[in-house]
Amino acid sequence: VEDVRRLLALNERTDSKIVLVDLSFQFGDLGVMLDSTPRYSLVDALVEGVIEESKLRSILVAHDTGVHILNVAASPEVAEEITRQHVVELMGTLTTMFDYVVVDIGRVLDDRTVEVLELSDAIMLIASLDLPTVRNTVCFTALLEKLRIDRDKTCIVINRYHKKSRLSSDDVETLLGRKVFWSIPNDFEPMSLGIDRGTPAVKNAPRSKVAKSFLDLADRIHAQAPTQSTVVEAVG
């Protein structure tokens with residue numbers, strides 16, 4: 001979840017309207033990490049099985065940073081009520097309401113999360129420089145190719161980057177056959193403090209290395225994004 005939090009920097013760099021969507025159906029905790037736990041989920045916006053825009057607006061949580069938060073499923077049981085069609089409708093509705101729709105799909109792929117990947121303008125695949133994570137990232141990218149997800153919109157982001165890691169960015173690029181899009185420095189203290197306080201690093205430690213990296217990443221995303229954009233975060 002901390003990987004989605006970095007895109008809160010978009011709100012610092014632009015006047016864009018941004019919504020963060022927690023699409024981790026089993027154990028989503030984006031609201032907890034931002035100290036804004038939603039009381040409602042997507043099922044509360046359904047009217048006869050169809051998403052009602054006015055109800056959708058009413059369940060969005062406004063965060064102090066100016067972004068909005070949407071919890072799709074309040075529990076694993078509720079998650080079963082959300083269908084692929086609901087997700088399609090949700091993405092279509094949110095893109096008319098916001099400039100950026102940032103989605104955390106977690107680690108599980110099913111027909112609903114695959115639909116989001118197909119609809120997205122950019123996929124931020126998060127990896128760290130340890131062998132198990134790199135292996136999972138290789139497997140995940142291979143799966144995306146089998147699903148015929150556009151390779152060009154998948155971006156590799158190295159999280160907690162440290163020059164003295166046993167693996168390097170060059171190793172990752174060799175294994176994946178693609179360039180690393182961005183590297184976030186391993187700046188533990190401001191990230192840990194931000195999680196404890198429920199505020200992003202760009203707010204609680206704006207001069208830190210990690211905050212600067214987030215802001216620069218936001219600039220790059222904003223420069224390359226369409227007028228309206230859906231950015232998906234997946235953990236490799």
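Tutor: Start with Leu167, which lies in the loop between strand 8 (154-161) and helix 9 (169-176). Keep in mind that this is a predicted model.

Student: How do you know that Leu167 touches residues beyond its neighbours in sequence?

Tutor: Contact means heavy atoms within 4.5 Å. Not counting residues up to four places away in sequence, Leu167 touches Leu129, Asp130, Leu131 and Val134. Leu167 and Leu129 are 38 residues apart in sequence, with their C-alpha atoms 5.5 Å apart in space.

Student: What share of the contacts in the chain with a separation of 6 or more comes from residues 24 or more positions apart?

Tutor: That share is 76%. The chain has twelve helices and ten strands.

Student: Why is Ile184 called buried?

Tutor: Ile184 has 2% relative accessibility, and buried means under 20%, so Ile184 counts as buried. Ile184 is found in strand 9 (residues 180-185).

Student: Which residues does Ser213 touch, and is Ser213 buried or exposed?

Tutor: Ser213 is found in helix 12. Leaving out residues up to four places away in sequence, Ser213 touches Trp182, Ser183, Ile184 and Pro185. Its relative accessible area is 9%, and the limit for buried is under 20%, so Ser213 is buried. In the chain of 236 residues, 54% count as buried.

Student: What makes Asp216 and Lys212 a salt bridge?

Tutor: The rule asks for a side-chain nitrogen of Lys or Arg within 4 Å of a carboxyl oxygen of Asp or Glu. The closest N and O atoms of Asp216 and Lys212 are 2.9 Å apart, so the pair qualifies. Both residues lie in helix 12 (residues 209-224), four residues apart, about one turn of the helix. Lys212 also has a C-alpha separation of 9.5 Å from Ile184, which is 28 residues away along the chain.

Student: Why do Asp216 and Lys212 get their accessibility labels?

Tutor: Exposed means over 50%, and partly exposed lies between that and the buried limit of 20%. Lys212 has a relative accessible area of 52%, so Lys212 is exposed. Asp216 has 24%, so Asp216 is partly exposed.

Student: How do you know that Lys179 and Glu173 form a salt bridge?

Tutor: Their N to O distance is 3.9 Å, and the cut-off is within 4 Å, so this pair counts as well. Lys179, at 66% relative accessibility, is exposed because the value is over 50%. Glu173, at 18%, is buried because the value is under 20%. By this rule the count comes to seven salt bridges.

Student: What links Glu145, Arg151 and Arg178?

Tutor: A network of salt bridges links the three residues. Glu145 has 42% relative accessibility and Arg151 has 34%; both values fall between 20% and 50%, so each residue is partly exposed.

Student: Which residues line the largest cavity?

Tutor: The lining is made of Thr141, Leu144, Glu145, Ile149, Asp150, Arg151, Thr154 and Arg178. By class, it has two nonpolar, two polar and four charged residues. Helix 8 (residues 131-146) supplies the largest share of the lining, three residues.

Student: What makes this space a cavity, and how many were found?

Tutor: A cavity is a set of points where a 1.4 Å probe fits but cannot get out. One cavity of 30 Å³ or more is found in a search of the whole structure, and about 40 Å³ of space lies in the largest cavity.

Student: Which members of the largest nonpolar core touch the most other members?

Tutor: Val21, Leu56, Leu70, Leu90 and Leu94 do, in a core of 43 residues. Helix 6 (residues 84-97) gives the largest share of this core, five residues. Leaving aside neighbours within four places in sequence, Leu56 is in contact with Leu42, Ala45, Ile51, Leu70, Leu90, Thr93, Leu94 and Met97. A second, separate core of 24 residues includes Leu20, Met191, Leu215 and Leu217.

Terms used: Residues numbered from 1 in each chain as written. Predicted model: local features only at pLDDT ≥ 70, side-chain atom pairs only at ≥ 80, totals over all residues. Heavy atoms only, no water. 1 Å grid on protein atoms, 1.4 Å probe; cavity = no way out; pocket = protein on both sides within 12 Å on 5 of 7 lines; lining within 4 Å. Points joined across faces, edges and corners; volume = space filled by probe spheres on them. Helix = DSSP H or I, 4+ residues; strand = E, 2+ residues; numbered from the N terminus. Nonpolar A, V, L, I, M, F, W, Y, C, P; charged D, E, K, R; others polar. Core = buried A, V, L, I, M, F, W, Y, C linked by side-chain atoms within 4.5 Å. Buried < 20%, exposed > 50% of the residue type's maximum accessible area, 1.4 Å probe, protein only.
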